Amino acid sequence: MASVGGNLAFILGYAKTVPRSEYVYFFGFVVGIAALLVFFQHSILYIIPAGFTLDYIYLNMTTPNPSSMLLSNYMHNPFDPTHIANNLLTTISLLVAVFLAGTIVLPAIGYRMPPKFFLATYLVFFLLLPFAISGISIWSARIMGIAWASGFSGISYALFGLLVFLMLGWAYTTILESPNRDTYRLAFALLSMTFLSLIPVIAFILLDLRTKNINVYAHLGGFALGLLVPSLIAVGMTAETKGERVAAAVMLGLTILLPSVGWIVV
């Protein structure tokens, strides 16, 4: 218990050294995301004409367009107030968890992400990832028989993927930097840690297969992209040569592009 208390005291001490501006920016960011979702939903209910919503915001699986592939991720079911309420609570909780892990806890124990990593990751998550998630939704609609889709949960699962990425990154670094590492034991440890981290999440997502109005594939896709996209961003930011940075950028672009347009040909 003394060790746990000492570690907690150390982390809290580190938290006091984080510039106050970091906390202010994070608070504004969370409030901004919440306000955006609430205002957009209010606009759909009371301001934006229903016809415009159906044509350009709500994702119609048979006649999708770029605007609906983006905006449907920020829209929630207008007939179910719990939809946006649950997504808001989940999103805020995940943003707080990512902030605590990435800005305080992990840096306190020596694991830091590259400068501006979170800014770049969130820009991709909120501006580009919706197209990939919508593309997965359109493709999976042929399996699930879903005609329309909306909701922020795909991006929320990407945020959860980001949190898992941070935890796995710290664990991998700790194992790889161990001075007395054995190659076979190291490989087994990394594989076991990966499976033990991912399988429960995937199983939890698949439980929603029992509910036909939940797009499980979009949730799985969001989680997978939430793991892969931050990894590619970090690779690009830590690359030592221009060629490595270009390769990381190309891989990142393909990671977003392929699920965004793959439904056209598959």
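**Figure 1. Tryptophan 139, a partly exposed residue of the predicted model.** The relative accessible area of tryptophan 139 is 33%, so the residue counts as partly exposed. Tyrosine 217 is likewise classed as partly exposed, at 26% relative accessibility.

**Figure 2. The edge-to-face pair of tryptophan 139 and tyrosine 217.** Because tryptophan 139 belongs to helix α7 (residues 129–144) and tyrosine 217 to helix α10 (residues 216–238), the pair ties together parts 78 residues apart in sequence.

**Figure 3. The stacked pair of phenylalanine 117 and phenylalanine 165, from the 14 aromatic pairs found in the whole structure.** The planes of the two rings stand at 25°, with the centres 6.1 Å apart; the pair is therefore stacked. Phenylalanine 117 lies in helix α6 (residues 117–127) and phenylalanine 165 in helix α8 (residues 153–176), so that distant parts of the chain, 48 residues apart, are linked. Both phenylalanine 117 and phenylalanine 165 are buried.

**Figure 4. A cluster of aromatic residues linked by ring pairs.** The cluster comprises Phe29, Tyr74, Phe117, Phe118, Tyr122, Phe126, Phe152 and Phe165.

**Figure 5. The fold that surrounds the close-up views.** The protein contains 11 helices and 2 strands, arranged from the N terminus as α-α-α-β-α-α-α-α-β-α-α-α-α. Among contacts between residues at least 6 apart in sequence, 79% join residues at least 24 apart.

Key:
Residues are numbered from 1 along each chain as its sequence is written. This is a predicted model: local features need pLDDT of at least 70, side-chain atom pairs count only at pLDDT 80 or more; totals for chains, interfaces and linings use all residues. Side-chain values use heavy atoms; hydrogens and water are left out. Helices (H or I, at least four residues) and strands (E, at least two) are DSSP runs, numbered from the N terminus. Contact means heavy atoms within 4.5 Å. Rings of Phe, Tyr and Trp (its six-membered ring) pair if their centres lie within 6.5 Å; planes under 30 degrees apart count as stacked, over 60 as edge-to-face and the rest as tilted. Buried means under 20% relative accessible area, exposed over 50%, partly exposed in between (1.4 Å probe, protein chains only).
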